[in-house]
Amino acid sequence: MTETQAATAQTVAGTAIPPLLSVRGLRRTFAGLAAVDAVSFDVAPGEVVSIIGPNGSGKTTTLNLVTGAIPADAGEILLDGRRIDRLDPARIAEAGIARTFQNGRVFGALSVADNVAVGLHTTLRAGRPARRLSTWFLLRWIPLLAELAVALVPTRAARREQARIEAAVAAELDRFGQRLAPRRDDFAYTLSYANRRRTEIARALAPRPRLLVLDEPTAGMNPSETAEVLDQLLQLKAEGQAILLVEHKIDLVMTVSDRVVVIDGGRVISEGRPDAVRRDPLVAEAYLGRRRGKA
Ligand SMILES: Nc1ncnc2c1ncn2[C@@H]1O[C@H](COP(=O)(O)OP(=O)(O)OP(=O)(O)O)[C@@H](O)[C@H]1O
Ligand SMILES: [Mg+2]
């Protein structure tokens, strides 16, 4: 049995469910310093797993590795048992992982609806003829030209697809009720900070990802905005959405997570159910203790 098959054969602890995401021995250094070191964890289908830890402990770097934004120095990442750690971010998105960013990234000069539609680009078929060629560096110009041609003179299939995209965008905006739906045609740069973050979450959710990766979705939000995000996360969880969440707001993490992974100095120092992690003295020392010390 190869290492990959061995990882694939593993199941989520205590269940017969194979993991949706499996991270094994992940390592990444910057200038010789390990930001992420021997990190392993799983996310089961429909599970909400949170990564917590002090500032600079390697949370965002872990998400960047999982989503292919940066390559790992060592380790394996499997989605549904298939290695994805050597794929580029676009292929990983196509495989079913969508993310938001810690510092928030919307396209200010695009409308709210177009920002969400960007998230559906990976689902285009008629609108992206010859898309498979984009993996071949020397042939990348062919799908680009084909895509431009279909955009200028849409085929009937491309028009049908466009209607599907518009319906999916509307459904996603409706999820955020009065926050986004009435602003669908506004430029994203006119939005409040919280609405930009909502737009980013809507963009990530639009393609119905297998795994939603959120990096501090409530950063900079006030308590009522945070409570709203918590409600939405609970709603997504009830719908069976698997989520990998990085978040500093401990009460939110404890409420929404099935399991919590705690990292400090790039290493996993504790992992388990939220109540068990909260009681772990190592966690109190590394994370909660330091935060109390800061206050
Ligand atoms: N591109 C980079 N180049 C050099 N060092 C980096 C880079 N990205 C992250 N680091 C370093 O890696 C370590 C982990 O950073 P990371 O952003 O993953 O932390 P974090 O846990 O997300 O922190 P925070 O809670 O503040 O968001 C830090 O020491 C950081 O300075
Ligand atoms: Mg971070």
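Predicted model: local features only at pLDDT ≥ 70, side-chain atom pairs only at ≥ 80, totals over all residues.
Q: Hi! Which residues come nearest to ligand 1?
A: There are 13 residues around ligand 1, and Gly56, Lys59, Thr60, Thr61 and Gln102 come nearest.

Q: Which helix gives the largest share of the shell?
A: That is helix α2, residues 59-66, with 3 residues.

Q: OK, what lies 2.9 Å from an oxygen atom of ligand 1?
A: A polar side-chain atom of threonine 60 does. The side chain of histidine 248 also has an N or O atom 2.9 Å from an oxygen atom of the ligand.

Q: How much of ligand 1 does the protein cover?
A: On its own, ligand 1 has 640 Å² of accessible area, and the protein covers 58% of that.

Q: Switching topic: what span should helix α8 have?
A: Helix α8 runs over residues 223-238, so its 16 residues should span 22 Å at 1.5 Å a residue. The C-alpha atoms at its ends are 22 Å apart, which agrees.

Q: Which residues of α8 are buried?
A: Glu225, Thr226, Val229, Leu230, Gln232, Leu233 and Leu236.

Q: Why do we say they are on the same side of α8?
A: Because they cover an arc of only 165 degrees around the axis. In general, an α-helix has 3.6 residues a turn, so residues three or four places apart point the same way.

Q: And which are exposed on the other side?
A: Pro223, Ser224, Asp231 and Ala238 are exposed there.

How values were computed
Residues numbered from 1 in each chain as written. Chains lettered and ligands numbered in written order. Heavy atoms only, no water. Near = heavy atom within 4 Å. Polar contact = N/O pair within 3.5 Å; in protein donor to acceptor, adjacent residues only side chain to side chain. Areas by Shrake-Rupley, 256 points an atom, 1.4 Å probe, with all protein chains shown as cover. Helix = DSSP H or I, 4+ residues; strand = E, 2+ residues; numbered from the N terminus. Expected span 1.5 Å × (residues − 1). Buried < 20%, exposed > 50% of the residue type's maximum accessible area, 1.4 Å probe, protein only. Arc of directions from axis to C-beta.
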